[in-house]
Amino acid sequence: MLDLRAQYESIAPEIRAAIDEVLASQQFVLGPQCEAFEQEVAQVCGTRYGVGIASGTEALELALHACGVNAGDEVIVPAFTFIATGSAVTALGARPVFADVEPGTFNLDPSQLEMHITRRTRAIVAVHLFGLAADMDPILALGAKYGIPVIEDNAQSIAARYQGRMTGSMGLAGCLSFYPSKNLGAYGDAGMIVTDDEKLATRLRTLRNHGQTGPYLSTERGWNSRLDELQAAILRVKLRHLADWTAVRQAHARRYNSLLADLPGITPPRVPAGREHVYYLYTICVSGRVTGGAAKNDPGAATRSDIVQKRLADRGIASTVYYPVPLHLQPLYASLGGKPGDLRVSERAAREVLSIPLYPELAPAQLERVAQAVRDALRD
């Protein structure tokens with residue numbers, strides 16, 4: 001799915017020089033590299049402030065806590081996303097309320113939000129999934145109507161655009177992950193929160209460092225969640241290449257679209273007007289079922305995506321299902337009473353999605369081989 005070695009080899013001298021600079025300085029936590037990286041990411045995201053955090057998951061936790069989410073509160077999240085979106089809520093003792101997603105984009109469906117709002121709702125988390133922005137205008141309008149802050153989970157979509165605005169810049173705060181596989185990936189865990197709210201940024205800086213407002217003086221319980229200097233230095237190098245890498249990802253996606261365009265039962269990623277996809281993942285939908293075999297949420301039937309995935313593997317080609325079990329059906333949340341049929345679009349997406357390799361270093365011949373293998377798998 002990803003060749004991180006090829007990316008490293010293309011920028012190795014820059015990376016080594018950045019690491020050596022940190023080693024020579026012997027400053028490893030909350031130093032000049034982190035501060036510079038915060039400013040650079042904020043500029044890319046179109047916000048005034050950036051706050052470096054130890055991971056994307058903790059970025060969500062701190063952002064939710066800082067905007068008032070406490071034990072017993074409710075937070076609306078999409079059901080079709082990575083588990084961290086929900087576990088950031090439960091880490092605070094709050095209850096995630098799962099909403100369905102739009103067919104095609106797999107992002108939070110604005111029409112499904114209002115029915116989930118109660119007097120305990122303290123936040124809405126809009127995930128920009130796979131590299132594509134959620135439909136933010138109606139989500140933000142609903143948040144404003146009820147006085148509920150909107151937090152953007154921008155872990156997968158740095159530098160994506162929605163109606164001319166950058167993902168991460170539209171809600172109260174945007175949360176980024178720099179996990180190694182991301183479009184902008186560290187060499188370990190790292191994250192950031194971006195915001196235009198000065199008071200929020202100040203509080204987040206306090207929260208990430210044990211709640212300290214001065215030397216060894218803590219005013220509230222905080223986290224130990226600081227972006228270290230080595231990761232910041234590495235990410236600053238990579239950030240200089242992000243625009244070029246994104247352009248190549250988009251070119252690869254256009255080529256896949258062309259090569260897979262006429263395949264019945266295959267739906268390529270949908271990009272609504274006014275949005276720019278940055279293709280963290282190139283995710284197709286393989287619709288339909290066949291009898292026999294095992295399926296992701298139905299042991300009585302196999303999906304066509306299962307079969308395509310197996311036939312790609314037989315040819316030595318990686319593919320991955322992101323995500324095979326929606327959050328409302330996760331064992332972690334069994335006590336919340338979710339059951340099959342509750343959120344049909346999310347459940348169908350879990351049965352049909354299949355992500356195939358797409359990264360900047362993918363050679364044209366490799367890309368065409370993958371597409372041909374998908375065609376052959378369907379024909380067979």
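Here is a short chat about the cavities and pockets in this structure.

Student: Before I start, what kind of model is this?

Tutor: It's a predicted model, where local features need pLDDT of at least 70, side-chain atom pairs count only at pLDDT 80 or more, and totals for chains, interfaces and linings use all residues. Residues are numbered from 1 along each chain as its sequence is written, and side-chain values use heavy atoms, with hydrogens and water left out.

Student: How many cavities of 30 Å³ or more are there?

Tutor: On a 1 Å grid over the protein atoms alone, a cavity is a set of points where a 1.4 Å probe fits but cannot get out, and lining residues have an atom within 4 Å of a point. Here there are three of 30 Å³ or more. The largest cavity holds about 70 Å³, and its lining includes F106, F130, R270 and H277.

Student: What about the largest pocket?

Tutor: A pocket is an open set with protein on both sides within 12 Å along at least five of seven lines. The largest pocket has about 500 Å³ of space. Of its 28 lining residues, Q156, S181, K182, Y280 and Y323 lie nearest the centre.

Terms used: Grid points are joined across faces, edges and corners, and a volume is the space filled by probe spheres set on the points.
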